[in-house]
Amino acid sequence: EMAWDIRPAARTDDIESTLDYRAVAKRVAAFVEESRFKLIEAMAEAIAELIQKEFGVTWLCVSIHKPSAVRGSRDVGVRIERGTT
């Protein structure tokens, strides 16, 4: 989740006026593929920092899940919120 003022895009109906979610997703995917984190907590913090610095997002919520990481559970994960709305 990312906070963004969508009013300019709503007025213009132009992708150049908004946050390009596809560009964010591609950048995060490339970053994760290049990285070697031991903890999903470290990965979540790094992803949040990357999005805020490179895309100017003031508030975001990052959720990372690690299916089958713990025997007897389907999923474990972390969720962090950073910034201000």
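From the N terminus on, the protein chain runs α-α-α-β-β, which comes to three helices and two strands. The radius of gyration is 15 Å, well over the 12 Å that the globule rule gives for 85 residues, so the chain is more spread out than a compact globule. Please keep in mind that this is a predicted model.

## The chain as a whole

Taken along the principal axes, the C-alpha atoms fill a box of roughly 50 × 25 × 20 Å. Of the 85 residues, 26% count as buried. The chain exposes about 6300 Å², and carbon and sulfur atoms supply 52% of that area. Among contacts with a separation of 6 or more, 40% join residues 24 or more positions apart.

## Helix H3 and its neighbours

Let us turn to helix H3, which covers residues 40-55. With its 16 residues, H3 reaches 22 Å from its first C-alpha to its last, close to the 22 Å expected at 1.5 Å a residue. Which residues of H3 are buried? They are Ile-40, Met-43, Ala-44, Ala-46, Ile-47, Ala-48, Leu-50 and Ile-51. These buried residues pack against helix H2 as well as strand S1 (59-67) and strand S2 (75-83). After H3 comes Gly-56, whose phi is positive, near 70°.

Side chains of opposite charge can pair when their charged atoms come close. A search of the whole structure finds five salt bridges, and the table lists some of them.

| Pair | N to O distance |
|---|---|
| Glu-54 and Arg-27 | 2.8 Å |
| Glu-45 and Arg-82 | 2.4 Å |
| Lys-53 and Glu-49 | 2.8 Å |

Take the salt bridge between Glu-54 and Arg-27. This pair links distant parts of the chain, with Glu-54 in helix H3 and Arg-27 in helix H2, 27 residues apart. Glu-54 has a relative accessible area of 45%, so this residue counts as partly exposed. Arg-27 is partly exposed too, at 26%. Glu-54 can also be placed relative to Glu-16: the two are 38 residues apart in sequence and 16 Å apart in space, C-alpha to C-alpha.

Next comes the salt bridge of Glu-45 with Arg-82. Here, too, distant parts of the chain are linked: Glu-45 sits in helix H3 and Arg-82 in strand S2, 37 residues apart. Relative accessibility is 35% for Glu-45, which counts as partly exposed. Arg-82, at 29%, also counts as partly exposed.

An α-helix has 3.6 residues a turn, so residues three or four places apart point the same way. Is Lys-53 exposed or buried? Lys-53 has a relative accessibility of 66%, over the 50% cut-off, and therefore counts as exposed.

## A nonpolar patch on the surface

Which residues form the nonpolar patch? Trp-4, Ile-6 and Tyr-21 do, with about 310 Å² of accessible area together. Tyr-21 belongs to helix H2, which covers residues 21-34. With a relative accessible area of 45%, Tyr-21 is partly exposed. Helix H2 also holds Arg-27, the residue in the salt bridge with Glu-54.

Definitions and conventions: Residues numbered from 1 in each chain as written. Predicted model: local features only at pLDDT ≥ 70, side-chain atom pairs only at ≥ 80, totals over all residues. Heavy atoms only, no water. Patch = residues over 30% accessible without salt bridge, like charges linked within 9 Å, V, L, I, M, F, W, Y side chains within 5 Å. Areas by Shrake-Rupley, 256 points an atom, 1.4 Å probe, with all protein chains shown as cover. Salt bridge = Lys/Arg side-chain N within 4 Å of Asp/Glu carboxyl O. Helix = DSSP H or I, 4+ residues; strand = E, 2+ residues; numbered from the N terminus. Buried < 20%, exposed > 50% of the residue type's maximum accessible area, 1.4 Å probe, protein only. Rg over C-alpha atoms; globule rule 2.2 N^0.38 Å. Contact = heavy atoms within 4.5 Å. Expected span 1.5 Å × (residues − 1).
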